[in-house]
Amino acid sequence: MNIQNICTLSGHTERVWSIAWSPNGKYLASASGDKTIRVWSKSGDEWACFAEITDVHERTIRKVCFSPNGRFLTACSFDSTVSIYTLKDGEYKVFAILEGHENEVKGIHWDSEGTRLATSSRDKSVWIWELVDDNEFECAAVLQGHEQDVKNILWNPKKPTLFSCSYDDCIKVWIDEDEDDWWNTETLRGHKSTVWDMSFNNEGNSLVSCSSDQSLIIWKLNSSEKWEKSIILKNAHQRDIYSVDWNKNNSLILTGSGDNSISIFKELSNDTIENVSNIKKAHDSDINCVSWNPKQPNIFASCSDDETIKIWEIK
């Protein structure tokens, strides 16, 4: 597999924690310890920053994401707040600031319909916010159950089910039983250390998780509608695996690690995972996030403690 670094984006002045593609694949947002968000786009043959959001958050911006229809750009911060923006006249304007968490907000994710936003925090809680009358957000539920920092959250793309992963080494599955009456229906255990990230396949019936224990686990939904471990790949990297993204177009699994490398894996039919490519020294420091372009399955991006973002192409 021939992978080329087609560009390196510089501009952030501290580590870049998170990147996210817009749903149409034309824009790439980045969030940094420098308290700014940058939005990058391609102008001709070159990628450049076309928008920068400053002076909104007081501390590190930990994660950034777009809503499914691209209307909202969303970010969360160590200042315990969540910011939501809309693009107007070529500039991103603050649409809402969500307050409620008692500590650093680490994770944000929109459901597939773009009407509910989940947030997770160092305060061990998960909040669910609903978009009301298309113009304001209300907290619909606060989920308690993790024993430690909740690192990330993820909605199932096909079902109204929420997954959260934590410093307590587990993944919890949450279901809305009846009108915002949420229940923790399953707790998935298998990792030996912090679970940093998760990603679904396109059908929503398989989940891959990554951890500080340097392993990947693929969980599958069985005939009883319960999640079970299907594949465990130990020593997938030499250090913590901070990010994982399952390509929705070709089923390749992308990982980024504290060993400064990026790997691509493929699930085989005999319940094994094959490493099909590895980019050693992809960055000069920890890789915090990797993400496939949703419209171009051969393009992906990465970001790092080295303050850069890189865009890669599989030739």
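How far apart are the mean positions of the positive and negative charges of the protein chain? In this predicted model, for which local features need pLDDT of at least 70, side-chain atom pairs count only at pLDDT 80 or more, and totals for chains, interfaces and linings use all residues, the mean positions of the 33 positive and 49 negative charges are 6 Å apart. Lys and Arg count here as positive and Asp and Glu as negative, with His and the chain ends not counted, and the place of each charge is taken as NZ of Lys, CZ of Arg, CG of Asp or CD of Glu. Residues are numbered from 1 along each chain as its sequence is written, and side-chain values use heavy atoms, with hydrogens and water left out.

The protein chain contains 28 strands and zero helices, where helices (H or I, at least four residues) and strands (E, at least two) are DSSP runs numbered from the N terminus. Along the principal axes, the C-alpha atoms fill a box of roughly 50 × 50 × 30 Å. Of the 315 residues, 57% are buried, a class defined by under 20% relative accessible area, as against exposed at over 50% and partly exposed in between (1.4 Å probe, protein chains only). Among contacts (heavy atoms within 4.5 Å) between residues at least 6 apart in sequence, 46% join residues at least 24 apart.

Most residues other than glycine have a negative phi.

Towards the end of the sequence, E313 lies in strand 28 (residues 309–314), and its side chain is joined to that of K315 by a polar contact of 3.1 Å. Such a contact is a pair of N or O atoms within 3.5 Å; within protein, one must be able to donate a hydrogen and the other to accept it, and residues adjacent in sequence count only if both atoms are side-chain atoms. Not counting residues up to four places away in sequence, E313 touches N2, I3, Q4, I6, N298 and I299.
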